[in-house]
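Please work through each task before reading its solution.

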Amino acid sequence: MADTKVTLCGIEMDNPLIPASGTFGYGREFSEIYDINCLGTFSFKGTTLEPRFGNPTPRIADAPSGMLNAVGLQNPGVMAVKQRELPEMKKFFHKPVMANVSGFSIDEYVETVRLLENEDQIGWVEVNISCPNVHGGGMAFGTDPKAAEAVCSAVRKVTKKPLIMKLSPNVTDICEIARACEGGGADGLSLINTLMGMRIDLKSKKPVIANKTGGFSGPAIFPVALRMVYHVYEAVKLPIIGMGGVSTAEDVIEMMLAGATAVGVGAANLIDPFVCKKIVEALPSVMEKYRINSLSEIIGGAH
């Protein structure tokens, strides 16, 4: 019988599937169409210290083999998550959940994580360092090794939960950022976040997205994500959540061979809301096809 179990930062999961933050909300809408307890876990919507309305519209643009988005971290703020979303989540999701946290200063990251520390249904804290550092001229924390390490080490001091740093691919050397996070006390890494891109409307001759640029995701970025996971696996000794363009059970296995312990599914959820359920159901037969008995045994198998 195919063994799909994996262990991520000391927490066992029934399978490696994790709907990525920003594509699964707080789980409620998806729980109304299927039992999301079939998933390994999910990473809930990027949460900030204060409520955010997000960017002006339009926020979404189509692209060949993918999509662009510039939602702008719209969310109700950490106190609403504590008081409303997490208690509601307990009713339909009965596994540890991953809390995705964003911020625009180190103090914001620290305070948001501190406020979530005692929430028992949160198993892991995933820190998105693709946010612009408002105190550092607007450059994303994740594009500077020193800034990435500073966020990681500051957050490390306020949480005992497994700390996973979500890395931006918009850098010259993602391995350098990964090593900085390892030095800052991270327990794991998520990669990759979206690539920066844009579309221009030929009729108006202006950018389609009001923000001008947006994060590019979807099948087109899978080879880029796979390459980065492969290289980071060799650069650090931390478990990796591999993501970027994943949409099939075969993609999951390919990511795990590159070095991922667990696998995130992002844009595909917006195309087919059942995609993660379908991948979970397909994994055993795909494992059998490729003579894989246990997923945990193939992690990094391509090295």
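**Exercise 1.** In what order do the seven strands of the open sheet lie, and is their pairing parallel or antiparallel?

*Solution.* The model is predicted, so that local features need pLDDT of at least 70 and side-chain atom pairs pLDDT 80 or more, while totals for chains, interfaces and linings use all residues. Residues are numbered from 1 along each chain as its sequence is written, and side-chain values use heavy atoms, without hydrogens and water.

Step 1. Strands (E, at least two residues) and helices (H or I, at least four) are DSSP runs numbered from the N terminus, and two strands pair if DSSP finds at least two bridges between them.

Step 2. The order is E3-E15-E14-E9-E8-E7-E6, and the pairing is parallel.

Step 3. E3 (17-19) and E6 (97-101) each have a single partner strand, so one side of each lacks a neighbour in the sheet.

**Exercise 2.** Identify the strand joined to E6 by five bridges.

*Solution.* The partner is E7 (residues 122-128), which runs parallel to E6. Within this region, Ala99 stands opposite Val125 of E7.

**Exercise 3.** Describe the packing of H2 and H3.

*Solution.* Step 1. H2 (residues 78-89) and H3 (residues 106-116) pack at about 25°, with axes 9 Å apart; axes are lines fitted to C-alpha atoms over the stretch in contact, and angles run from 0 to 180 degrees between N-to-C directions.

Step 1. The two helices, H2 and H3, are therefore roughly parallel (angles under 35 degrees).

Step 2. Contact (heavy atoms within 4.5 Å) involves Val78, Met79, Lys82 and Leu86 of H2 and Thr112, Leu115 and Leu116 of H3.

Definitions and conventions:
Parallel < 35°, antiparallel > 145°, perpendicular 65-115°, else oblique.
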